[in-house]
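Open the model in a viewer and keep the sequence panel beside it. The stops below say what to select and what is there.

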Amino acid sequence: MSFRPSLHPLLLIPFFLISCANPGTPEKRQEQARRMSLDLQKLAPTVSAGEADKLAETAVEESAKMSADFKPFVHPWMNNGLVNMGLRKRGLCYQWRDDLFPHLFRLNLKTMDLHLVVSRADTVRQHHGIVVTAKGQRYEDGLVVDPWRNGGRLWWGRLKDDQSHPWKLLPWEKTPMVLRPLLMPDLYPTR
């Protein structure tokens, strides 16, 4: 007879507690927004520094608010497991995207465009994000904005450098219902 140790579920609690994500102090978030703004301004000379500042600050701060609401773990797959088991109501990648997008959209950007993107559509590894480009620029030349990837700490990077996700534009017919009034106001008017 061999002895097989088993982990008691209570022993896993410290692991879960130390893996909780923290969006950072206000000072760290301010620095993060400054860095993101500079990356946005590098998209093209036509990108307004003021708009880049506003978009970056909004993305960072709204992601921090969502992190407080969703209380994610550092490892996003853990959040998905809890949501899929019914232990949490929300926190899947598309929910982070759907919650962040309206805040960015309402900035009424004149020098940048927002795009909904999906990676590995219709697979178990499907992932959703937002791409920001200079006005009229191809989405492939933009920055991916992903509030889910680092468990509530906003991640962004050049789409072409994001080797872990083969991003494609989300087809219009797959636009989430919650975002359709923003993106298709003629078809989905608000009251």
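Colour the chain by secondary structure: there are 6 helices and 5 strands, where helices (H or I, at least four residues) and strands (E, at least two) are DSSP runs, numbered from the N terminus. Along the sequence the elements follow the pattern α-α-α-α-α-β-β-β-β-β-α. The model is predicted, so local features need pLDDT of at least 70 and side-chain atom pairs count only at pLDDT 80 or more, while totals for chains, interfaces and linings use all residues. Residues are numbered from 1 along each chain as its sequence is written, and side-chain values use heavy atoms, with hydrogens and water left out.

Two totals describe the whole chain. Of its 191 residues, 46% count as buried; buried means under 20% relative accessible area, exposed over 50%, and partly exposed in between (1.4 Å probe, protein chains only). Among contacts (heavy atoms within 4.5 Å) between residues at least 6 apart in sequence, 56% join residues at least 24 apart.

**The sheet**

Select the strands. They form an open sheet of 5 strands in the order S4-S3-S2-S1-S5, with antiparallel pairing; two strands pair if DSSP finds at least two bridges between them. At the edges are S4 (153-158) and S5 (167-169), each of which pairs on one side only. From one strand to the next the twist averages 40°. Angles here run from 0 to 180 degrees between N-to-C directions, and axes are lines fitted to C-alpha atoms, for helices over the stretch in contact.

**Strand S1 and its partners**

Next select residues 112-119, strand S1, together with residues 127-134, strand S2: the two pair in the antiparallel sense over 8 bridges. Leu114 has Val132 as its bridge partner in S2, and Asp113 has Thr133. S1 also pairs with S5, again in the antiparallel sense, over 3 bridges. There, the partner of Ser119 is Trp167.

Now show the side chains of S1. In a regular strand the side chains alternate between the two faces of the sheet. Met112, Leu114, Leu116 and Val118 point one way, and Asp113, His115, Val117 and Ser119 point the other. Is S1 mostly covered or mostly open? S1 is mostly covered, with 8 of its 8 residues buried.

**Helix H5**

Select residues 93-105, helix H5, which lies across S1, S2, S3 (143-150) and S4 and runs at about 25° to S2. H5 has 13 residues and reaches 18 Å from its first C-alpha to its last, close to the 18 Å expected at 1.5 Å a residue; the expected span is 1.5 Å times one less than the number of residues. Its buried residues are Cys93, Gln95, Trp96, Arg97, Asp98, Leu100, Phe101, Pro102 and Leu104. Their cover includes H3, S1, S2, S3, S4 and H6.

**H3 against H5**

H3 and H5 pack at an angle of about 145°, with their axes 10 Å apart. On the H3 side the contact is made by Leu55, Thr58, Ala59, Glu62, Ser63, Met66, Ser67 and Phe70, and on the H5 side by Trp96, Asp99, Leu100, His103 and Leu104. By class, the contact has 7 nonpolar, 4 polar and 2 charged residues. In this classification Ala, Val, Leu, Ile, Met, Phe, Trp, Tyr, Cys and Pro count as nonpolar, Asp, Glu, Lys and Arg as charged, and the others, Gly among them, as polar.

Select Asn108, in the loop between H5 and S1. Asn108 is not a glycine, although its phi is positive, about 50°. With a relative accessibility of 51%, Asn108 counts as exposed.

Move on to Asp122, in the loop between S1 and S2. Asp122 also has a positive phi, near 60°, in a residue other than glycine. At 62% relative accessibility, Asp122 counts as exposed.

Finish at Thr175, in the loop between S5 and helix H6 (180-183). Why does Thr175 count as buried? Thr175 counts as buried because its relative accessible area is 5%. Leaving aside neighbours within four places in sequence, Thr175 is in contact with Leu116, Leu170, Arg180, Leu183 and Met184.
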